[in-house]
Structure formats: structure tokens, C-alpha cells
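Here is a friendly briefing to read with the sequence and the 3D view side by side. Take your time and find each residue as it comes up.

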Amino acid sequence: MAFTFDNTYARLPEAFYARVAPTPVAAPSLIALNAGLAELLGLDADAIEPADAAALFSGNVVPEGAEPIALAYSGHQFGGFSPMLGDGRAILLGEVVGRDGVRRDLQLKGSGPTPFSRRGDGRSALGPVLREYLVSEAMHALGVPTTRALAAVWSGEPVYRERPVPGGVMTRVARSHIRVGTFQFFRARNDFDNLRRLLDYTARRLDPQAAEDDNPARALLAGVVGRQAELVATWMSLGFIHGVMNTDNTSISGETLDFGPCAFLDHYEPAKVFSSIDHGGRYAFNRQPSIAQWNLARLADCLIPLLDADEQRAIAIAEAVLSDFAGRFETALNRRFSEKIGAAPADDESRALVESLLQLMQRERADFTRTFHHLAGALDGDERPLLDDIEDGAALPDWLAGWRAYLARRGIGTPQAVQRMRAVNPVVIPRNHQIEAVIEAGNEGDFTPFHRLHAALQEPFVEHPDRAEYQRPPRPEEEVQATFCGT
Ligand code: AMP
Ligand code: MG
């Protein structure tokens, strides 16, 4: 049982990280090990004893070849700049090149204090571990770029939040943990040598063609802009609210990073906020594209000295690249929402139909996921579930008629539209109330609900008679009103 580590970040200068070993926990026990991901990373999950896995994925045993480090970064949190953040409760074990040839980071989260912990304990409660495991793996199954979950461990000791709660350690896998905040770290210190080194390292690792470009800073920025535009459009098309889009949680690789107070919309409400600490609604559902753009502008600020020796020219280059975001986001969003109503490629009429449907859904407080799911059924001849869900949907029959007529005009046959819709509109998403129920049971030592929900989330597009409870929206009394970082 061994990973073949091939560490490159730990070869960068000491300013990039702090060397720090995980702090052992009392009595680790394995809750989940992601066999498919383990195999991709060259590990045969079946050949590992659960006790060995628990020791490994809690940080109690540091595997051979690992070089544990906590990464340095800064970040804008809710708009305010913190020059010194860094991995306060995460430790990068090292990098593994997978069977697919892709290099990935292996990181423990909740494995003890680091020089970046400030007043934190470097630990994680079990609840956020279970949430991140479920939601990140659900996102992967939904086809969203995301960090992944390799393992979840119960530490066997409490952590102290408002009250003592069980502790956990999560093993996270990412294409890299470089964030906008990593660039901000060196820019804030006017450390241009390391800023250039970071650009060079990042480009080689994540954007090899940018590394070869005449202007690598411009090419890398363009790559990040494109990936963020696609990512946020995908989130919007699934009703996903990240909840804490700080620059330290904005990944250069374009993966969804940090599943703290994240949530999925139940009923459609564009300005919805779940996070209990997001008082101003900065990270509301419909503000995500403009926040992504703001975060990208912070990355561009950092790159100014590397874009051109002449500052005015550098600013002009940055502005030109950033201005691509809006168009790329709109195109991606229109494509995804058009597919959700069975039409591809998007055109003006599909856009107008989506717009009027969303307005209707907002008015009727229609469930975001269910409405799109039932639309396929309605096209297929059964309008009942849709009409049942949207009780006061007087406008719905008109909309349906307009939609049918549009598909017919474009020559999109019903089977074709239904197939397209079923491929993009999930039946099962990680509903907030289900996640809460899993955490509640997990805190009592019962992981059966975790495993059941996890299994359902692996097949998000499959309607399954045994999974009815995961396919329905919350009842009013079950609805989650607020989510917590739970750090
Ligand atoms: P997050 O809200 O997860 O993006 O974390 C923001 C910053 O707070 C990062 O620098 C984290 O490492 C740090 N942090 C969060 N929770 C803890 C904790 N329990 N102990 C130490 N640092 C923490
Ligand atoms: Mg974070």
C-alpha cells in the first residue's frame, strides 16, 4: 500500500509554504475511502486494511515519499484583504501523478495546527468533513470541475466549537491548491521574484501552452478567466451556491474549492443567501458571476508587473483579458440553460423561453431541480407531476405550449429533446436538509445515512424507485434556512 509521490511544490523556495507534520489524533476510524479515486491515484483500496487506511488518512502515519507542508496564501475575505492566511488546518502531503497522467495534490484537512493556524485549532469537525465528501463527490458525478474526496476519517476525539463535537479528517485531492490568494501573497509583499516563479510554476503545471506563450502572464490569466466563466455558469445551471467566494477559495485550476457554507437552491430564488455569516448577501446565488469577475480582477492586479514592463500597457492587457469574462459566461450560461429545456445550440428564442420559465418559477417558488426534471416528463406526455408541483401555475400551460411550438419550429424531436434534458437535469442533488440529516446521524456515530446518500449522489441523473426520499424537495419544516462554515 503506497502512493508514488512526485512532489514539486515542496521544491519551490521556503517562502511558498511551511514544513509541518500532521498532529496525530486519538483513535482514528475510517468512514469512507473513495475506491475509484484511489485507483486513479495508483492505490488498490481493497488491499488496504481499514486500520491502516485510518492511520494514513488521519495523518497518524505519514506515508513514505510525502513531504508535508502548509501552503502560504493571502486573500480577500468578504471584500477585505488579509495578507496572511495560509493553510491553517490543512496539510499537503504531496503530489501523485495518476494513471491518467494528471498530477494531483493530496491534502489532509483537519490534521492539526500549522504556522498559519492563528487562533484556530487546525482541526475540523466531523460535520464539515461529511458535507465536503458528499458535495464534492456529487459535483464530480454531475460533471462539475471540483476538488475530490479521497477519504473521511472520524478522529475519535472531540473538537470544541460552540460545544464539543466529534472531530474528523478529510483527504482532499485537487489538480492543485494554487488560488488567486497565492498570487496575492507575493504581490502583497512586493516579492516579484517569487511572483514570477509562481507564475512559471502554475503555467507549467496547469496551462502548459501558457508557459510557452510570448506573454505567459496574459495567457495564464486568459485561461483562468475562461475556466471561472465556465465553472460559475455550471454552478448556476445546477442551482449551486458556493457561499464563500473569497479570493483564497478561488482556484486557478478552475475547480470548485472549499465546501464550507455551500448549498443547493430548493425553490428558485435568484437572490438566495444561505451562509449565516454572509450578512450583506455578497455571495448570493445571482451575484456569483460578478463576484467571480471581481476575484479575477484581483488576480489581474497581481499579474500587472508580469504582463508588461510598461504599467499602462500592462493594465490595458489585463482589462482586455478580463473583459472576455462577461461574454464567455453568458455564452456558457445560455448553452447550459438551453440544454436544460432540450434546445441546442442556444438562440434568442431559447433564451427568452428560459427567462420566462425562471420568472414563473420564482413567482411560484418552484423547486429548481424538480421543475427541470419534470419538464422532460411533461414533454414526454405526462404533465401531471409538473402541474402538481407548481400549484398556482396558471401561466404554465401557456409556457409549455410556447415551448413545444418552439421545439417543433426548430425541428427538435421529442425523443431528442427528452434525451438531452435527462442528460443535464439531475434527479438527485445533495439537498441541504439531507446533508443536515447525515451530519446529525454521523455525530451520533451512525454513518448509514451518509453511505446511502452518497450512493444516490453517484447516479444523479438516474430516477430510482428506492431513492424517492432523495428526489423530493424538503417539506416546509425540513427546509434549511442557513448554513454554517462549521470551521
Ligand atoms: P476558509 O473559511 O475555510 O476558507 O478558511 C479561511 C482561513 O481560515 C484559512 O486560512 C484557513 O486555514 C483558516 N482556518 C479555518 N478554520 C481553521 C481552524 N479550525 N484552525 C486553523 N485555521 C483555520
Ligand atoms: Mg478556504
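**A first look at the model**

Asp-258 is buried, with a relative accessible area of 17%; buried means under 20% relative accessible area, exposed over 50%, and partly exposed in between, using a 1.4 Å probe and protein chains only. This is a predicted model, in which local features need pLDDT of at least 70, side-chain atom pairs count only at pLDDT 80 or more, and totals for chains, interfaces and linings use all residues. Residues are numbered from 1 along each chain as its sequence is written, chains are lettered from A and ligands numbered from 1 in the order in which they are written, and side-chain values use heavy atoms, with hydrogens and water left out.

**The magnesium ion**

- Which residues coordinate the magnesium ion (ligand 2)? Asn-249 (OD1) and Asp-258 (OD) do, at 2.1 to 2.2 Å.
- Donors here are N, O and S atoms within 2.8 Å of the metal (3.2 Å for Na, K and Ca); water is not among the atoms, so sites may look incomplete.
- Asn-249 counts as buried because its relative accessibility is 9%.
- Asp-258 lies in the loop between β11 (240–241) and β12 (263–264); helices (H or I, at least four residues) and strands (E, at least two) are DSSP runs, numbered from the N terminus.
- Asp-258 is not a glycine, yet it has a positive phi of about 85 degrees.

**Around ligand 1**

- Ligand 1 is surrounded by 18 residues, and the closest are Gly-86, Gly-88, Arg-89, Gly-122 and Asp-258; a residue is near a molecule or strand if one of its heavy atoms lies within 4 Å of it.
- By class, this shell has eight charged, eight polar and two nonpolar residues. Ala, Val, Leu, Ile, Met, Phe, Trp, Tyr, Cys and Pro count as nonpolar, Asp, Glu, Lys and Arg as charged, and the others, Gly among them, as polar.
- Arg-89 has a polar side-chain atom 2.5 Å from an oxygen atom of ligand 1, and Gly-88 has a backbone N or O atom 2.6 Å from an oxygen atom of this ligand.
- On its own, ligand 1 has 490 Å² of accessible area, and the protein covers 87% of that. Such areas come from the Shrake-Rupley method with a 1.4 Å probe; for residues, only the protein chains shown count as cover.

**Strand β10 and its partners**

- Is β10 (residues 164–174) mostly covered or mostly uncovered? Ten of its eleven residues are buried, so "mostly covered" is the answer.
- β9 (residues 148–160) pairs with β10 in the antiparallel sense over nine bridges; two strands pair if DSSP finds at least two bridges between them.
- Three residues sit between β9 and β10, which form a hairpin, and Arg-148 stands opposite Val-173 in β10.
- β7 (residues 103–109) also pairs with β10 in the antiparallel sense, over five bridges, and Leu-106 has Val-173 as its bridge partner.
- β8 (residues 124–125) runs antiparallel to β10 and is joined to it by two bridges; Ala-125 stands opposite Gly-167.

**Backbone details to look for**

- Ala-344 and Pro-345 are joined by a cis peptide bond, with omega about -5 degrees.
- Pro-345 is in the loop between α10 (324–340) and α11 (348–364).

Definitions and conventions: Polar contact = N/O pair within 3.5 Å; in protein donor to acceptor, adjacent residues only side chain to side chain.
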